[in-house]
Amino acid sequence: MAMARVVTYVQMINSLKLQLLLIFGIGSLLNPVMAQDEAITESQLAVEGRFVQAKQAALLGQIDEAINLFTALAEDDEDNAVIQFELGRLHYSKEELNTAVDHLEKAWALDQQDAYAYLLAEIYESAGRYREGAELMETLIDEHTEEVDL
C-alpha cells in the first residue's frame, strides 16, 4: 500500500514537472512565432518536441542526455538564447564553468534577460572571475535603478 502511494506521488510530481515545462519552457521558444501571428509549422512543432525532450531529460536528472539534445538543437539554431541558456545551466550543474560561461555569454548577447545575467554573474563568481561578475551585476543595477530627486 505504501509503495503504491510512493509510485502515485512520483507520477504526480513528474506530471507536474512536465506541465510546468510546457507552460514556462516552451512558451519562451514559441513567443517569436506567436508574436508574428503565424501558424506553427510542422518543422517548428518538431523543434518544440525536441526541446520538450531535452527539458524532460534535464528534469529527470539525465544531464548528459539533455546536453546532447540541447547541443543538437543549438546546431540547428545557434542564435537561440533560450537554448544557449539551457546549455549554460546544464554545464554549470556539471561544474564545467568555462563551457557554461561560453553559453551564458552567448545567451546574454542574444537576449539581455535578467535571468541570463544573474546566472552568468553567479558562474563568474564560481569561476573566480569576480570582476566580471561584479561588472555584470553593476550593469543590472544601473538598468533597474531610477534616479530620484530629493
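Predicted model: local features only at pLDDT ≥ 70, side-chain atom pairs only at ≥ 80, totals over all residues.
The structure holds seven salt bridges. One of them joins Lys 55 and Glu 86, whose closest N and O atoms are 3.2 Å apart. This pair links distant parts of the chain, since Lys 55 belongs to helix 2 (residues 42–59) and Glu 86 to helix 4, 31 residues apart.

Lys 55 has a relative accessible area of 11% and is therefore buried, as buried means under 20%. Glu 86 is buried too, at 6%. Together with Arg 89, Lys 55 and Glu 86 are linked in a network of salt bridges.

## Salt bridges of Arg 129

Arg 129 meets Glu 105 in a salt bridge of 3.8 Å, N to O. Arg 129 lies in the loop between helix 6 (114–126) and helix 7, and Glu 105 in helix 5 (residues 97–110), so the pair ties together parts that are 24 residues apart in sequence. Arg 129 also forms a salt bridge with Glu 132, at 2.6 Å from N to O.

Arg 129 is partly exposed, with a relative accessible area of 24%. Glu 105 is partly exposed at 31%, and Glu 132 is partly exposed at 32%.

## A buried glutamine

Gln 84 lies in helix 4 (residues 81–93) and is buried, with a relative accessible area of 5%. The Gln 84 side chain reaches the backbone oxygen of Glu 78 at 3.3 Å.

## A negative patch

Glu 135, Glu 138, Asp 142 and Glu 143 form a negative surface patch. Glu 143 lies in helix 7 (residues 130–143) and counts as partly exposed, at 43% relative accessibility.

Technical notes
Residues numbered from 1 in each chain as written. Heavy atoms only, no water. Patch = residues over 30% accessible without salt bridge, like charges linked within 9 Å, V, L, I, M, F, W, Y side chains within 5 Å. Areas by Shrake-Rupley, 256 points an atom, 1.4 Å probe, with all protein chains shown as cover. Salt bridge = Lys/Arg side-chain N within 4 Å of Asp/Glu carboxyl O. Lys, Arg positive; Asp, Glu negative; His and termini not counted. Charge placed at Lys NZ, Arg CZ, Asp CG, Glu CD. Helix = DSSP H or I, 4+ residues; strand = E, 2+ residues; numbered from the N terminus. Buried < 20%, exposed > 50% of the residue type's maximum accessible area, 1.4 Å probe, protein only. Polar contact = N/O pair within 3.5 Å; in protein donor to acceptor, adjacent residues only side chain to side chain.
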